[in-house]
Amino acid sequence: MPSPITIPALFRMKRQSEKIAAVTAYDFPTAKIAEDAGIHLVLVGDSLGMVVQGNTNTLPVTMEEMLYHTRIVARTCRQAFVVGDMPFMSYQTDIPAAIANAGRFIKEAGAAAVKLEGGASVSRVIEALTEAGISVQAHIGLTPQSVHQMGGYKVQRDEERLLNDALEVEAAGAFSVVLEGIPADIAATITQRLQIPTIGIGAGPHCDGQILVIHDLLGLTDRHVPKFVKPYAQLMAIGKDAVAKYVQEVGSGEFPGPEHCY
Ligand code: KIV
């Protein structure tokens with residue numbers, strides 16, 4: 001069995017131009033699919049607020065919900081590096097609260113690191129968490145927790161600001177940075193300038209790795225998916241067809257058949 005992915009392994013992959021494949025996962029089946037398929041990094045994303053809970057954004061997700069899902073994923077993954085996503089208002093109020101909340105992801109839920117959204121504006125938080133011994137993945141560009149400030153889920157194009165954010169989070173001690181919703185050429189520049197691995201989502205092919213929300217990748221959704229998503233399966237349609245067939249067979253008496261009886 002290959003050895004578990006660690007932060008030094010992710011750095012080595014960047015140095016050797018070996019792409020990092022990441023997905024989100026939220027429960028035993030999604031974590032098991034990712035792990036068994038050989039994924040390098042699993043993010044227990046607060047996107048669960050949308051794809052698992054059915055909300056229109058990630059803002060209502062709580063610490064307790066994140067810890068519940070992270071615990072299940074961390075228990076399931078043996079090789080993949082598991083990152084817990086800090087929900088809205090769990091790190092923005094003050095540094096002691098951010099340390100206490102981030103610590104719970106590691107100590108109570110078994111994550112190897114936490115992720116938080118923001119660039120220069122959260123660099124002091126990243127520094128404090130890193131000093132406390134907690135590894136942090138940053139997340140810049142289109143940051144869904146700022147949906148109202150951004151006026152929607154919009155591609156971010158301010159190159160100077162994006163590069164500054166990336167350099168600041170690296171200097172603050174982040175071990176990696178997610179680049180979301182930014183033009184491919186800006187992501188390429190950032191990736192070249194940083195020592196830490198960049199993980200892109202809607203940020204083009206030049207990042208050190210890619211991440212997708214697993215429900216989008218599997219087609220386990222009937223919401224509109226953004227342009228950057230490539231659905232590798234259509235599980236929602238398969239699931240609906242299967243359940244419709246079951247409804248029909250229960251109605252007709254075809255199910256259960258003799259082979260399903262004791
Ligand atoms: O919450 C999430 O799933 C994320 C990824 C899209 C990077 O932040």
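What is the handedness of the crossing of H2 and H4? The crossing is right-handed, a term used when the near helix is turned clockwise from the far one by less than a right angle.

## Basis of the report

This is a predicted model, in which local features need pLDDT of at least 70, side-chain atom pairs count only at pLDDT 80 or more, and totals for chains, interfaces and linings use all residues. Residues are numbered from 1 along each chain as its sequence is written, and side-chain values use heavy atoms, with hydrogens and water left out.

## Helices H2 and H4

Two packed helices are described by the angle between their axes and the distance between the axes. For helix H2 (residues 28-36) and helix H4 (residues 63-76), the axes come within 9 Å and cross at roughly 35 degrees. Helices are DSSP runs (H or I, at least four residues), as are strands (E, at least two), numbered from the N terminus. Axes are lines fitted to C-alpha atoms, for helices over the stretch in contact, and angles run from 0 to 180 degrees between N-to-C directions.

On the H2 side, the contact (heavy atoms within 4.5 Å) is made by Phe28, Ala31, Lys32 and Glu35. H4 contributes Ile72, Val73 and Thr76.

## Around the ligand

Polar contacts are pairs of N or O atoms within 3.5 Å. A polar side-chain atom of Ser47 is 2.5 Å from a ligand oxygen atom. For Asp46, the distance from a side-chain N or O atom to an oxygen atom of the ligand is 3.0 Å, and for Lys115 it is 3.1 Å.

## Backbone details

Ser17 is a residue other than glycine with a positive phi, near 55 degrees. Ser17 sits in the loop between helix H1 (7-15) and strand E1 (20-24).

The peptide bond from Phe255 to Pro256 is cis, and its omega is near -5 degrees. Pro256 belongs to the segment after helix H11 (235-252).

Technical notes. A polar contact is a pair of N or O atoms within 3.5 Å; within protein, one must be able to donate a hydrogen and the other to accept it, and residues adjacent in sequence count only if both atoms are side-chain atoms.
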